[in-house]
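Subject: Handover of the model and what was found in it

Dear colleague,

Please read the terms along with the findings, as each is given with its cut-offs where it comes up.

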Amino acid sequence: MSRDLYFIAINPPQEICEEITSFKNIFATEYESRAALKNVPHITLKVPFNLPAARHAGLYNWFEQLYINTGHFQIDLQNFGSFPNKNNPVVFVRPVMNASLAAVQKEILRSFHNHFPAIPVMKSEQHFSPHITIAYRDLSFEHFENAWKIFQNIEYKTSFTVNDFHLLQHDGRQWNIVSTYAIKTQQ
């Protein structure tokens, strides 16, 4: 049975994506970590999951029928964070958690679990820690330690308005947006 890989994410506007990609390029050239360059900058709302290809239409229908009532909301990006795991360190741009971001992620997980109960909700999703990855997987711990000495002191601040989020599907080489959920404005 053919299975497809999906995830759900918020993508910052293009100009912020370009700024974040410049940080990824620093890691690629100075710290030999290129893996993050394969993905567009994003905040994961639902981690990657497999679904049989036959359920593709049902997934689209579920995604389009989500009920998100936060209205448009702002996300502030402030400085950098890390997950200093010895085997798989990560450096990221830090989104500031807010009630709307938490509500959107929680509703997606609640609704997903109700519609696709056979697909487990991961523990990491239940303890939502939003981040925009700039280095991971191929970042050695030694390079992480050297980079973190610098990045923990760099100030980076920007913000953007979230008007939508996306369902992405992996085509075997890259992630592609296959559906967009437009968040309705509040009256």
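Helices and strands are here DSSP runs, with helices being H or I of at least four residues and strands E of at least two, numbered from the N terminus. The model is a predicted one, in which local features need pLDDT of at least 70 and side-chain atom pairs count only at pLDDT 80 or more, while totals for chains, interfaces and linings use all residues. Residues are numbered from 1 along each chain as its sequence is written, and side-chain values use heavy atoms, with hydrogens and water left out.

Overall architecture

The protein chain holds five helices and eight strands, and from the N terminus on these elements follow the order β-α-β-α-β-β-α-α-β-α-β-β-β. Its radius of gyration is 17 Å, close to the 16 Å that the globule rule gives for 187 residues, so the chain is as compact as a globular protein of that length; the radius is taken over C-alpha atoms, and the rule is 2.2 Å times the number of residues to the power 0.38. Along the principal axes, the C-alpha atoms fill a box of roughly 45 × 45 × 30 Å. Of the 187 residues, 43% count as buried, where buried means under 20% relative accessible area, exposed means over 50%, and partly exposed lies in between (1.4 Å probe, protein chains only). Taking a contact as heavy atoms within 4.5 Å, residues 24 or more positions apart account for 79% of the contacts with a separation of 6 or more.

Pockets

A pocket is defined on a 1 Å grid over the protein atoms alone, as an open set of points where a 1.4 Å probe fits, with protein on both sides within 12 Å along at least five of seven lines, and its lining residues have an atom within 4 Å of a point. Grid points are joined across faces, edges and corners, and a volume is the space filled by probe spheres set on the points.

The largest pocket has about 920 Å³ of space, and of the 34 residues that line it, His42, Thr44, His131, Thr133 and Tyr136 are the closest to its centre. Strand E2 (43-52), helix H4 (123-126) and strand E5 each supply at least two residues of this lining, and E2 gives the most, with five. By class, the lining of the largest pocket has 16 nonpolar, twelve polar and six charged residues, where Ala, Val, Leu, Ile, Met, Phe, Trp, Tyr, Cys and Pro count as nonpolar, Asp, Glu, Lys and Arg as charged, and the others, Gly among them, as polar.

The second largest pocket has about 200 Å³ of space and is lined by 13 residues, of which Asn11, Cys17, Val40, Pro41 and Ile177 lie nearest its centre. Helix H1 and strand E8 (175-182) each supply at least two residues of that lining, which by class has eight nonpolar, four polar and one charged residues.

In helix H5 (residues 141-151), Phe141, Phe144, Ala147, Trp148 and Phe151 are buried. They cover an arc of only 120° around the axis, which puts them on the same side of H5; the arc is that of the directions from the helix axis to the C-beta atoms. The face turned away from this buried side carries the exposed residues Glu142 and Lys149, whereas the cover over the buried residues includes helix H1 (14-30) and strands E3 (73-83), E4 (90-95) and E5 (132-135).

Individual residues

Ser82, in strand E3, is buried with a relative accessible area of 18%, and, leaving aside neighbours within four places in sequence, Ser82 is in contact with Val90, Val91, Phe92, Phe144 and Trp148. Ile132 lies in strand E5 and counts as buried at 0% relative accessibility; with the neighbours within four places left aside, its contacts include Pro12, Ile20, His42, Leu77 and Phe92. Gln105, found in helix H3 (residues 99-115), counts as buried at 5% relative accessibility.

Glu32, in the loop between H1 and E2, has a phi near 55°, a positive value in a residue other than glycine, and counts as exposed at 51% relative accessibility. Arg137, in the loop between E5 and H5, has a positive phi of about 50° although it is not a glycine, and counts as exposed at 62% relative accessibility.

With best regards
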